[in-house]
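Biologist: I am new to this one. Could you show it to me and take my questions in turn?

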Amino acid sequence: MSLQDDLSAVRRNLDELTRKVERLEQQAARQKPAATSPPDPSRMVTVPDTPYDSSLWTDSDDEGLGARDRRAP
């Protein structure tokens, strides 16, 4: 293939891409936006700002690090 053939192929591909993007933009413009509703207050959970009780973590392992009293093989 010559350089001219390569440039022509690139131009055709670019034109096709441009047409497809324009078609997608038109389809997106026709789509109705999703209706957004406010959050349901009955499903909301209040998280307190107070620190957790440290005794909750007494027997836990460090996540991803394994048990404190054992070594990796």
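Modeller: A term to begin with: helices are DSSP runs of H or I with at least four residues, numbered from the N terminus. S42 lies in the segment after α1. Keep in mind that this is a predicted model.

Biologist: How many helices and strands are there in the protein chain?

Modeller: The protein chain has one helix and zero strands. Of its 73 residues, 3% count as buried. Its accessible surface comes to about 7,800 Å². Carbon and sulfur atoms hold 54% of that surface.

Biologist: Why is S42 called exposed?

Modeller: Exposed means over 50% relative accessible area. S42 has 64%, so S42 is exposed.

Biologist: What makes the pair of S42 and D40 a polar contact?

Modeller: The cut-off for a pair of N or O atoms is 3.5 Å. The side chains of S42 and D40 make their contact at 2.8 Å. That value is within the cut-off, so the pair counts as a polar contact.

Biologist: How do you know that D15 and R11 form a salt bridge?

Modeller: A side-chain nitrogen of Lys or Arg must be within 4 Å of a carboxyl oxygen of Asp or Glu. For D15 and R11, the N to O value is 3.8 Å. It is within 4 Å, so the two side chains meet in a salt bridge. Both residues lie in helix α1, four residues apart, about one turn of the helix.

Biologist: How many salt bridges does the structure hold?

Modeller: Two. E16 and K20 also meet in a salt bridge, with 3.1 Å from N to O. Those residues are four apart in helix α1, so about one helical turn separates them. E16 is partly exposed at 33%, and K20 is partly exposed at 42%.

Biologist: Which residues make the nonpolar surface patch?

Modeller: V45, V47, Y52, L56 and W57 make it, with about 630 Å². L56 sits in the segment after α1 (3-30).

Definitions and conventions. Residues are numbered from 1 along each chain as its sequence is written. This is a predicted model: local features need pLDDT of at least 70, side-chain atom pairs count only at pLDDT 80 or more; totals for chains, interfaces and linings use all residues. Side-chain values use heavy atoms; hydrogens and water are left out. Helices (H or I, at least four residues) and strands (E, at least two) are DSSP runs, numbered from the N terminus. Buried means under 20% relative accessible area, exposed over 50%, partly exposed in between (1.4 Å probe, protein chains only). Accessible areas come from the Shrake-Rupley method with a 1.4 Å probe; for residues, only the protein chains shown count as cover. Patches are made of residues with over 30% relative accessible area and no salt bridge: like charges are joined within 9 Å, nonpolar side chains (Val, Leu, Ile, Met, Phe, Trp, Tyr) within 5 Å. A polar contact is a pair of N or O atoms within 3.5 Å; within protein, one must be able to donate a hydrogen and the other to accept it, and residues adjacent in sequence count only if both atoms are side-chain atoms.
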